[in-house]
Amino acid sequence: MIFTTVSKGSACEAPSNPECFRRTADESVYRCEWSMKNTTERDVTFHFYIQKVKVRIINTTWFKINEKQLLKNRPVNISVEAHIGNSSCTSTRRSVVLSHTVKYEAPKHISMSWLKNNLSLSWTASEEHPAAAEILLRRDAHRTESWEKKTTNTTSDTLKYHVLVVNLSKDSAYQVQIRHRPTKALNPLWSDWSPVVIVPAELEQKPEVTMTTTLLNGTRNVTLSWKRMPNAVMYSLSDTQSSKGCPCKKNRDPINMTETTYTTFVSYSAVNISVIGRNAAGSSPPAILQLPAVPAAELKICENTLLKEKLKKKTCLELYELQDGDLRPRSVSVTDIKDYVRYLYFEHRCHGSKPWTVKMCLVYQKEGVPLRKPQDFIAFSETHTSAHLSWKAIPSADQRGFLTHYSLCSVKVSSQDERKECHNISASVMKYRLGNLTPRAKYNVSLVGVTGVGEGPEATVTVNTLPEKPVNVWWSLCLLFLFFILTTMCTCILKRIKGKILPAVPTPVISDFNLDQPMSQDFLERKENVHKLTLLQLHPEGKDKERGDSRMSGGSSDECFSPGSNEEALRGSRGRKKTDMEQLDNEIEMLIYRNGLVFDVKRDSL
């Protein structure tokens, strides 16, 4: 029930109707409040009445009172009277049941996020059960527009009220106000409006980040820079080592900043750095920069006792489980390491919040023999004496230790007496040429991986060498025949050339005759047609010259070599005795005829 306001004096303006309520249904303290214009005057005094009983004289527009001083479970009349100087005025009297009246505080800690074109709003819950809510919205870019009101019921958990405002534009910023009231109270009152909050547009794109890395002695200097994002008011950075770049420190809280550049130091181990743009409506997708571990040209094997040694002070270690083809290994703790698993070991020290990697190597807690055989073991390009072999490495997860080498063995199948021949091959080699094989033979070839503990399963392949090719014999015969033909042809050509340049000297056909035999009349009467005869004689020293001189003195050369004299000389020579002939040392060397025939007469004693 409401009663009219009574004013005494023109200087007084009646206060608004008072309200007395609890903040929740479980509270025992009530708050009574009202409002009055022109309350800047310090001489205003308020008298509060319950059932016409003055319960409080105050100078403010509100006060609190314990439920023990009130009649809370039945209707009571409440009013407030204002006194300004000599004037006074009284508010309308209201009849209420105080225990039925609940009024929440204005919404606090409002958070927001975009779900496509729907706006999700959350704030601190006043009670466990849901509340009714009124929401005022308008675009921030159009602040002169009227407010749009939306009424809905919240969903709640133990800490938050949630509402979803649909059919908005996520690309626009909005002004929002919220008030709420209970749904379980018999006399619920609307709370005061929350302050106006700005809901920014959604951050749909991740930051465009560039990273530069400088490798130093034991550490890396990383500088990040990115473009300023529209609607972003803050940037959050974090990495998988720590917020300060030192893996030995346990503080891994993200860094929030408004600048667009950041410099940090990271160790040689792998690290992921993320940059996120933030505003009141949420976060952008993260820009993740993956910085792999510093590669080592030849990564060494750790000492067997390294994992058992106690670390020095201000030193920490990182272990990464290595997987085949994984450039970003998974980090593990020392207590979680397993036998037969390969780990990448890093040992760091921190100096002035900077990490320094002092050791990095590969380690097994315990080694074993390989679990699998070499993969895809094949033979190809077989010849009559060799074959090529290739294979793929055993996956590191199945090596169960450090491979020292591969053992390749071959044995000839045809005979049991054949000895097995084995070769040790480097663990980094994936191809091999097997030589010194027998033609047209069959070999069983096996390949195993070997660690410091022993050999693993073997991969096998059969090699069939080719027979010797008969085409090689035919080629030899052909080449020999060709050589014979060429030799014959060259000989013929050379003879023809010699015949033209140096003609051959023909040998005269002279029938054998005996000087002692008498010559027939026909032979004596036969005359030889000689156009020109030149007789050259070779004389010994002294005697020969005298004989030559005596002959030459007998007549001229023309007379001696006339046809008649020639016949007489021949006849006279036949009639001489042998004793006289043996004393002669003269030889007929050459007879030259006019037609160019030359007779080479060997020395013959007459």
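## Getting started

A residue is called buried when its relative accessible area is under 20%, exposed when over 50%, and partly exposed in between, using a 1.4 Å probe and protein chains only. With 52% relative accessibility, L479 therefore counts as exposed.

The structure shown here is a predicted model, in which local features need pLDDT of at least 70, side-chain atom pairs count only at pLDDT 80 or more, and totals for chains, interfaces and linings use all residues. Residues are numbered from 1 along each chain as its sequence is written, and side-chain values use heavy atoms, leaving out hydrogens and water.

## The whole protein

The protein has seven helices and 40 strands; these are DSSP runs numbered from the N terminus, with helices (H or I) of at least four residues and strands (E) of at least two. Of its 606 residues, 35% count as buried.

Contacts (heavy atoms within 4.5 Å) tell us about the fold too. Among those between residues at least 6 apart in sequence, 65% join residues at least 24 apart.

## A nonpolar patch

L479 sits in helix α2, residues 471-501. L479 is also one of the residues of a nonpolar surface patch, whose members include W475, F481 and I501. Together, the patch residues have about 1300 Å² of accessible area, a value from the Shrake-Rupley method with a 1.4 Å probe, where only the protein chains shown count as cover for residues.

Patch residues have over 30% relative accessible area and no salt bridge, and nonpolar side chains (Val, Leu, Ile, Met, Phe, Trp, Tyr) are joined within 5 Å, like charges within 9 Å. A salt bridge is a side-chain nitrogen of Lys or Arg within 4 Å of a carboxyl oxygen of Asp or Glu.

## Three disulfides

A disulfide is a covalent bond between the sulfur atoms of two cysteines. Here the test is a pair of cysteine sulfur atoms within 2.5 Å, and the whole structure holds three disulfides.

In one of them, the sulfur atoms of C20 and C32 are 2.0 Å apart. C20 belongs to strand β2 (residues 19-21) and C32 to strand β3 (residues 29-33), so the pair ties together parts twelve residues apart in sequence. Another joins C302 and C361, with sulfur atoms 1.7 Å apart. The torsion about their S-S bond is about 100°, so this disulfide is right-handed.

C490 is partly exposed because its relative accessibility is 44%, and C492 is partly exposed at 43%.
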